[in-house]
Amino acid sequence: MSDTNDNILDMEVIGALRALEEDGAPGLYDEIVELFLMDTPTRLQDLATASAEGDMKGVEAAAHSLKGSCGNLGATTLVDLFRRIEQLSREELVDEIPNLVGQIGPEFDRVQAALKEAK
Amino acid sequence: MIRKQFDELKNSGRLPSPSGIGLKIMRMTQTDSWDITDLVGVVSADPALTSRIIKLANSAQEAGLAAIATLQDAAVRVGARNVSNQALSFSLVSGNRSGRCAEFDYDRFWSLSLATGVAAGQISKQAGLGAPTEAFTCALLSKVGQLGLASVHPSAYSELLAAVHEDSSLEIASLENERFAINSREVTAALMEDWGMPEYFYEAVSYQKRSVAGDETTNKKTIELVLTLRMAATLGEFCLADERGQVELWPAMARVRDDLGLDTDEFQEFCESVAAEWQEWGANLSLSTSDCAELKDIERLAGGFEPHDAESIIVDGEIDPDKFRSLRILAVDDEPVSLRVLAGQLKIAGHEVLMARDGEEALAMTLEHNPHIVISDWMMPKMDGLELCKALRRAQAGRSVYFLLLTGRDEEDRVVEAFEGGIDDYVAKPFNSKILLARVRAGLRLVNLREQVDLEQITQREKTAELGVLTRQLREAAFTDPLTNLPNRRFCMECLETEWECWIKSKQELSIITLDIDFFKSVNDNHGHDVGDAVLCATSDVMKKVLRDGDMVARIGGEEFLVICPETGTEGALICAERIRVAIEENVIESGGFKSNVTISSGVSTASEGMEDAYALIKASDDALYLAKGDGRNCVRVAPPRDLQLPRSA
């Protein structure tokens with residue numbers, strides 16, 4: 001179980017956030033995780049909608065911002081997924097996108113669980 | 001308008017007011033029939049007050065003169081009116097030490113007022129500006145309007161202060177105006193007037209925030225007091241500031257030093273002497289001064305910073321570009337998690353952080369809060385980071401802000417375009433916190449250098465400003481009604497007094513006309529104050545056009561005007577008044593949805609034997625105006641000869 005967790009979350013990034021807390025921002029980690037868990041589902045919904053409508057600009061924007069927020073929490077697999085989606089949408093390679101979008105849901109669930117465990 | 005707002009405050013019955021002996025003195029001095037003996041009689045009932053006044057008189061007088069030992073001597077030396085003002089202000093200090101406004105620090109307020117008063121006395125003495133004891137008294141009360149607002153509106157003022165404590169970029173005077181339609185400086189001036197303080201006291205308080213400069217002929221007393229108050233305010237703040245505050249105040253202190261014409265050593269001595277007298281007075285009045293500034297801080301700052309002092313940023317008026325300081329940074333990202341992480345990192349590094357969620361919001365916040373550095377994500381909906389930067393560079397206010405752009409790995413090949421758009425630096429995401437903060441510190445260096453340039457420019461501008469221009473501005477502001485640009489009541493009364501003296505001497509005839517716009521209140525009520533203002537302006541313009549050379553019109557009240565016609569008898573004034581009446585009736589005013597003419601009623605009076613003074617002349621024209629209103633308005637009436645005005649016996 002811990003093996004898979006390592007792949008889901010980059011513990012170095014989590015450690016750096018924890019270090020910020022010790023440097024004088026108590027509660028920052030929890031706050032950021034909470035923000036992430038609250039904000040991400042809406043953005044995933046935006047991405048799914050844009051993808052279903054074939055709105056490539058919308059897909060690109062949503063994937064870009066999801067890439068950023070996942071990067072902040074070291075969710076490397078998700079970051080890679082979103083980076084590929086962003087590239088594909090920029091190049092308008094529409095066909096491959098739904099497959100990748102389909103992989104997001106289960107991966108997000110794993111990240112969510114890992115983040116809660118890392119608390 | 002201000003008067004009206006102030007009267008409302010006054011009617012609340014909660015404004016600070018002198019009590020006990022202070023109240024007795026105020027009542028006595030308002031009767032006009034009192035002398036030194038009366039004053040000494042009242043004041044000497046309070047030994048503490050007596051000793052304070054003697055102390056103040058001694059501290060202000062030139063060395064070498066015999067020490068003042070009695071109240072009588074003090075009153076003779078500095079003037080009875082001056083002593084009564086001192087007694088009044090000391091009684092205010094004693095009687096208003098606490099209150100219900102939670103955020104208002106009453107102890108600090110009086111401690112600061114005292115420091116400002118002491119500084120003003122010493123500045124006045126050092127620079128030969130006016131009378132030291134008067135400067136002391138005026139400066140001691142120069143912020144009393146804050147106490148006034150805190151007393152009348154304890155909870156609202158508390159909220160306002162809390163907002164300012166939270167966000168130091170807020171300007172307290174504009175918040176006060178917004179909330180109370182009057183600001184504390186205006187309340188101070190009105191209170192002083194109400195307490196019977198000299199007119200130049202409250203004039204000086206009103207002009208304290210404007211630029212003025214010395215002048216040989218006009219309003220010398222006022223201008224000197226303004227300069228004294230301004231310098232004293234800086235010194236007073238400095239006395240109470242903590243170390244960081246003192247650092248921030250240092251450029252202003254250096255200007256005071258230059259204005260006083262002292263070198264650094266002399267200025268250090270001067271500051272020490274102010275601080276010592278302040279502490280002495282604090283003990284005398286049981287006000288805390290001990291936990292505020294320490295003398296050694298003043299010495300150190302006045303003497304210049306030690307180079308090894310880790311916290312010093314500004315050395316003798318110059319900003320050291322390499323020293324760390326807390327910056328105001330605006331962080332911009334549409335993605336909340338990244339924004340929160342970025343803000344967290346900056347805050348831990350000791351910076352003040354503002355946050356915006358898109359380019360448009362960031363643009364507004366930059367212009368409003370004037371941050372030192374903007375750190376923005378590039379890709380954002382609506383206005384992206386680079387567009388934000390370009391927009392800022394087009395605006396005067398955004399030209400000097402340091403702009404740091406955050407780029408994704410994929411965007412790095414486009415950074416050349418970003419630099420061309422005006423960014424100062426970029427950091428690629430995901431970034432290491434240490435690298436970001438190092439880039440911010442590099443930006444800090446440039447920010448410091450830019451501020452140094454600004455500071456030098458400001459000093460340069462101040463030095464080269466023409467004194468004559470400033471003096472004229474001051475005169476105009478003091479004597480002009482800002483809405484209509486007509487002379488105001490104060491100026492009008494001065495002119496009328498002069499004309500009255502002329503009449504007494506030469507017996508050349510003198511007439512005046514009082515005019516009042518008919519049903520003006522209903523214009524305001526039905527069309528709003530904007531239209532009301534437009535009507536006042538249009539009416540003023542017509543009057544200016546039809547007046548003869550040598551006549552003068554002034555706005556002396558809401559919709560009330562007064563025309564002075566020198567060397568003119570009743571016949572001539574009547575013709576003049578009728579010409580104005582017709583011109584105004586014929587002039588159609590258009591403003592908003594309002595399209596109509598207005599009419600005026602006028603009363604004419606002519607100076608005659610048996611009139612006691614200029615006020616009797618005004619009274620007569622007011623009576624005539626009253627007749628005109630009674631006769632159906634839109635007409636001119638002449639004041640009946642004086643003997644017919646006597647009331648009939650019942």
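**Reading the labels on a two-chain model**

From the N terminus on, chain A runs α-α-α-α-α-α. Its secondary structure comes to six helices and zero strands. The model is predicted.

Visitor: Why is E92(A) called exposed?
Guide: Its relative accessible area is 55%. Exposed means over 50%. So E92(A) is exposed.

Visitor: Where does E92(A) lie?
Guide: In the loop between helix 5 (76-90) and helix 6 (97-118) of chain A. Its phi is positive, about 55°, although E92(A) is not a glycine.

Visitor: Why is K507(B) called partly exposed?
Guide: K507(B) has a relative accessible area of 42%. Buried means under 20%, exposed over 50%, and partly exposed lies in between. Therefore K507(B) counts as partly exposed.

Visitor: Where is K507(B) found?
Guide: In chain B, in the loop between helix 24 (489-506) and strand 8 (510-517). K507(B) is not a glycine, yet has a positive phi of about 60°.

Visitor: What makes E266(B) partly exposed?
Guide: Its relative accessibility is 38%.

Visitor: Which residues gather with E266(B) in a patch of negative charge?
Guide: D263(B), D265(B) and E269(B) gather with E266(B) on the surface. Patch residues need over 30% relative accessible area. E266(B) is found in helix 16 (residues 264-284) of chain B.

Visitor: How much of chain A counts as buried?
Guide: 45% of its 119 residues. Chain A exposes about 6100 Å², and carbon and sulfur atoms supply 50% of that.

Definitions and conventions:
Residues are numbered from 1 along each chain as its sequence is written. Chains are lettered from A and ligands numbered from 1 in the order in which they are written. This is a predicted model: local features need pLDDT of at least 70, side-chain atom pairs count only at pLDDT 80 or more; totals for chains, interfaces and linings use all residues. Side-chain values use heavy atoms; hydrogens and water are left out. Patches are made of residues with over 30% relative accessible area and no salt bridge: like charges are joined within 9 Å, nonpolar side chains (Val, Leu, Ile, Met, Phe, Trp, Tyr) within 5 Å. Accessible areas come from the Shrake-Rupley method with a 1.4 Å probe; for residues, only the protein chains shown count as cover. A salt bridge is a side-chain nitrogen of Lys or Arg within 4 Å of a carboxyl oxygen of Asp or Glu. Lys and Arg count as positive and Asp and Glu as negative; His and the chain ends are not counted. The place of a charge is taken as NZ of Lys, CZ of Arg, CG of Asp or CD of Glu. Helices (H or I, at least four residues) and strands (E, at least two) are DSSP runs, numbered from the N terminus. Buried means under 20% relative accessible area, exposed over 50%, partly exposed in between (1.4 Å probe, protein chains only).
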